[in-house]
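Hi everyone, and thanks for making the time. Let me put the structure up, and then we can walk through it together.

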Amino acid sequence: MTRDTGEKIDHKAVLAAQLSNRIGRRSFLKGVGVGAGALASAGLGLTPDLARADQAGHIRIASLSHIDTLDPHFTFFLSAVQIINNIHNGLLKVTFDGEAVKFEPDLAASWDMEDDTTHLFKLHEGVKFHDGTACDAEAVKYSLMRVKSGDPKSPHAWKLELLDEIEIVDPLTLRLKFSKPYAFLPVALTGSTGRAGTIVSPAAVEKYGMDYGRNPVGTGPFKFVSWKDNDSIELEANPDYFEAGMPKLAKASFMLINEPSTAVAALVSGQIEGMNDCPLQLVNQVKQVPTVNLYGGVEGNYTYVGMNTRKAPFDDVNLRRAVAFAIDRDAVVKQGYFGLAQEAYTPISPPMTGFYDPNIADSGRGQWFDLEKAKAFRAKAKTQGDIEVTYLMTEDGPGGTRVAQTLAPMLAEIGIKVKLELLEPAAWVKRMKDGDFEMLDFRWWADLDPEETLYPEFKSGGSWNYWGWDNAEFDRLCAEAGAIIDTEKRAELYRKAEDHLMDEAPVAMLAHIPVYKAFAKKVEGFQYVPCDLVNLHTVSIA
Amino acid sequence: MLSQAAGKIAQTLVVLLIVSIASFSLLKLAPGDPVLLMLGSEFDQASYDSLNHALGLDQPMIVQYAQWLGNFVTGDWGVSYVARADIFNLVVREALPVTLTLTACSLGLAILVGVPVGVLSAVKKDTAWDAGAAVFALTGTAFPSFFLGILLIWFLGVKFGAFPVMGFVPPWEDFWAGLYHLVLPSITLSTFFIGMIVRVTRAALVEVLDQPYITAARARGEPGWRVVWVHGVRNIMMPVVTVIGLQLGGILQGAVLTETVFSMPGIGQMLTNAVLGREYMLVQAGVMLTAVMFILVNLLVDLSYPLLDPRLRPR
């Protein structure tokens with residue numbers, strides 16, 4: 001399978017360029033199960049009227065990252081998706097039982113596959129958008145077409161590239177036909193990570209046009225009330241929400257706060273009840289606050305050192321291999337990520353259920369710290385003696401400039417003298433995209449499927465492949481895996497693809513990073529989903 | 001006197017013109033193509049060209065500048081690239097009142113504290129009082145405001161729970177709640193200012209108190225407080241007002257940090273977010289507005305001299 005559209009899109013780079021710091025994060029949370037229980041009991045025997053009477057309380061949550069728009073089909077920021085997801089629903093949603101990530105119907109009451117390219121969705125009856133119009137098969141088709149071929153073009157259009165035909169079987173049933181089996185479809189059709197599957201009110205889109213992002217109308221548990229720049233985004237309960245017993249809160253405010261330590265102070269002093277993100281440098285401090293619960297874990301991401309394979313000295317595979325084995329990941333985790341991250345051996349990260357190998361450390365696959373091995377590869381390198389390289393760094397991301405400074409002495413051990421060059425984020429991104437660098441560290445963030453974590457990033461000639469790495473076998477393996485639905489077979493293909501990538505080492509892996517959210521203890525029923533976010537559907541305040 | 005004022009105003013207009021050119025160049029020199037910012041990652045050449053044309057970016061630079069200046073003067077500040085919000089509304093109606101309120105409170109606090117402390121230390125020159133005031137003033141001037149803000153947040157806000165640590169409530173909607181929210185930010189922002197005022201007040205008053213007319217007033221048997229507060233303070237108004245005028249630029253600068261630390265939706269926080277979100281038109285509007293405010297205040301200071309000191313009035 002080829003996915004040529006992937007070439008034109010550069011949303012990760014745009015994302016990185018637009019706002020470098022904390023592009024938006026998705027949490028992966030462990031040991032959760034409380035929310036599911038609360039949900040089940042809330043759903044039992046409650047009439048909508050009773051549920052309505054239950055809505056009380058006002059939650060205020062610090063939102064620490066930039067929010068560009070509340071239009072799900074156009075946002076580049078996960079911090080925006082966090083809010084969007086409380087206003088809208090997707091055709092599918094991501095669920096998490098504490099162990100595994102699953103994709104389940106959301107606005108769809110059921111989801112069937114008639115064959116490996118045809119999907120049948122039956123919608124819930126009587127669901128209405130906040131403007132009172134019906135959310136039926138026509139509305140769903142409208143949203144999907146807005147993503148696939150709308151004008152202006154959605155940055156998520158590529159996710160529906162393989163969608164050939166949408167057939168409206170009856171007012172509540174749709175048949176989606178794809179041109180090929182599409183392994184990424186479950187992710188694509190969610191309202192959260194996929195964005196492509198978020199359903200918006202056609203009437204509102206027609207009414208507001210380009211300004212829909214400031215006047216979003218969905219079917220979600222909360223209605224949009226107002227967005228005051230640099231201050232807050234206000235939501236109120238949707239009393240007609242289709243899932244019984246939700247929401248429980250009457251109001252929710254996302255306070256737009258720039259300074260994380262102010263948010264922590266406000267949380268501790270009770271001026272707000274939650275934080276959409278707790279930066280790594282504050283995690284250990286927040287852990288000690290008795291009135292606050294911290295939720296978090298390693299998520300679908302990886303950080304790495306990228307090397308420019310198009311020019312000397314890193315056009316030499318043995319020199320790259322030497323770098324890959326010369327990095328003491330344990331030290332990087334301690335000094336770069338406050339001891340909170342997990343060493344990465346390959347790109348596929350822990351939340352990718354069925355693809356991630358929990359025993360990867362003992363498998364002999366991937367890259368790890370082995371100075372002897374690094375020196376052996378270094379001895380085979382074309383250039384012997386000291387090599388001087390320029391390493392571009394910027395104050396951005398979970399590691400800031402700390403990672404670069406931690407790595408410099410490690411590379412000196414194998415005769416690579418690193419000249420650190422500090423740049424402003426926009427200039428840094430530009431040099432990376434122009435291929436005007438020798439070495440830098442970067443990250444890919446918030447992925448749930450190997451399809452999105454490997455292929456667009458390292459595809460030969462791909463626009464995210466800043467390293468200029470070229471490997472036809474890697475391309476073939478990824479393309480094949482993308483058109484197979486069976487997880488085990490896919491996993492096998494991705495493992496082979498990863499082995500090529502790790503062996504030729506255009507990048508040296510560093511770590512998988514945890515993402516944290518903080519809530520006051522009186523906030524109850526927060527259900528963690530591994531992909532996004534701050535879903536307030538089941539949240540209440542004691 | 002009128003011709004003097006007219007001259008000052010003409011000077012100010014020239015300065016404003018220069019500032020507007022600098023402000024305009026800022027947008028042109030900033031990295032990133034505004035059309036790309038607005039279109040996102042996916043577009044074709046036709047939509048690029050049409051937007052480029054709609055924004056007037058295909059016009060010669062001088063035409064663009066004239067258009068921009070004309071629009072700016074008439075209050076048509078355009079729509080921000082990414083958020084698509086009306087800039088005039090955002091900057092002038094929403095952010096400016098917050099910053100002005102914060103500035104006014106800090107300024108008021110600085111004058112209420114700074115002038116009396118300065119006067120006292122001048123009157124009690126070379127005593128422990130004077131030394132104490134000098135230490136107080138120096139510490140206030142030297143202490144970085146963002147750090148003081150964080151200290152205040154942690155001690156007064158979190159530890160003792162005495163004041164809110166963030167946010168802004170408009171005092172014209174709820175006066176006491178508004179004032180309550182302004183306590184910590186005003187202290188943070190005014191400390192630097194207080195130090196300056198104390199030093200200037202003291203220095204000026206020490207000099208004034210040596211003047212013959214003060215001796216004369218004392219000889220007439222006027223009470224000490226009257227000598228100092230009426231004859232003395234009236235004659236130090238000029239340097240004090242000058243320092244306040246000049247430092248207002250500093251206070252606006254401090255407002256960027258203070259608003260960020262206390263998460264107040266003023267010009268400072270708006271500028272920070274605009275820079276992070278690459279909303280250059282917002283940055284430009286914010287910079288222009290700040291410059292206009294600074295220049296206007298200095299004009300007012302200049303114009304106030306003849307009122308403060310009769311000797312400067314033309315005969």
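Let's begin in chain A, with helix 6, residues 137–149, which lies across strand 6, strand 7 and strand 8 of that chain. Strand 8 covers residues 173–178, and the helix runs at about 170 degrees to strand 7 of chain A. Before I go on, please keep in mind that this is a predicted model.

So what sheet is that helix lying on? In chain A, four strands form an open sheet in the order 5-6-8-7, and their pairing is antiparallel. Strand 5 (108–115) and strand 7 (163–170) of chain A are the edge strands; each has a single partner strand, so one side of each has no neighbour in the sheet. From one strand to the next, the twist averages 20 degrees. If you look at strand 5 of chain A, six bridges tie it to strand 6, residues 118–123, and the two run antiparallel. To find your place there, look for A:Ser110, which sits opposite A:Lys122 of strand 6.

Chain A has another sheet to show you. This open sheet has seven strands, ordered 10-11-12-1-13-21-14 in chain A, and the pairing is mixed. Which strands stand at its edges? They are strand 10 (222–228) and strand 14 (292–298) of chain A, each with a single partner strand, so one side of each is left without a neighbour in the sheet. Within the sheet, strand 11 (residues 232–237) and strand 12 (residues 251–256) of chain A pair in the antiparallel sense through five bridges. A:Glu236 faces A:Lys251 of strand 12 across that pairing. A helix lies on this sheet too: helix 10 of chain A, residues 280–287, goes across strand 14 and strand 21 (514–520), at about 135 degrees to strand 14 of chain A.

Now for some helix packing. Two packed helices are described by the angle between their axes and the distance between the axes. In chain A, helix 17 (residues 450–458) packs with helix 18 (residues 472–482) at about 145 degrees, and their axes are 10 Å apart. Their crossing is left-handed. On the helix 17 side of chain A, the contact uses A:Glu451, A:Leu454, A:Tyr455 and A:Phe458, and helix 18 of chain A brings A:Phe474, A:Cys478 and A:Gly482. Sorted by class, that contact between helix 17 and helix 18 of chain A has five nonpolar, one polar and one charged residues.

Let's move over to chain B. How many helices and strands does chain B have? There are 12 helices and zero strands. The C-alpha trace of chain B spans about 85 × 60 × 35 Å along its principal axes. An unreviewed UniProt entry lists residues 96–301 of chain B as "domain: ABC transmembrane type-1". Over that stretch, residues 96–301, chain B is 83% helix and 0% strand, and the end C-alpha atoms are 21 Å apart.

One helix pair in chain B is worth a look. The axes of helix 7 (residues 145–159) and helix 10 (residues 224–261) of chain B come within 9 Å and cross at roughly 25 degrees. That angle makes helix 7 of chain B roughly parallel to helix 10 of chain B. The crossing of these two chain B helices is right-handed. From helix 7 of chain B come B:Ser145, B:Phe146, B:Gly149 and B:Ile150, which meet B:Gly254, B:Leu257, B:Thr258 and B:Val261 of helix 10 of chain B. By class, this contact of helix 7 with helix 10 of chain B has four nonpolar, four polar and no charged residues.

Notes
Residues are numbered from 1 along each chain as its sequence is written. Chains are lettered from A and ligands numbered from 1 in the order in which they are written. This is a predicted model: local features need pLDDT of at least 70, side-chain atom pairs count only at pLDDT 80 or more; totals for chains, interfaces and linings use all residues. UniProt positions are given in the numbering used here, feature names are shortened, and annotations may be inferred rather than shown by experiment. Two strands pair if DSSP finds at least two bridges between them. Axes are lines fitted to C-alpha atoms, for helices over the stretch in contact, and angles run from 0 to 180 degrees between N-to-C directions. Two residues are in contact if their C-beta atoms, placed from the backbone, lie within 7 Å. Angles under 35 degrees count as roughly parallel, over 145 as roughly antiparallel, 65 to 115 as roughly perpendicular and the rest as oblique. A crossing is left-handed if the near helix is turned anticlockwise from the far one by less than a right angle, and right-handed if clockwise. Ala, Val, Leu, Ile, Met, Phe, Trp, Tyr, Cys and Pro count as nonpolar, Asp, Glu, Lys and Arg as charged, and the others, Gly among them, as polar.
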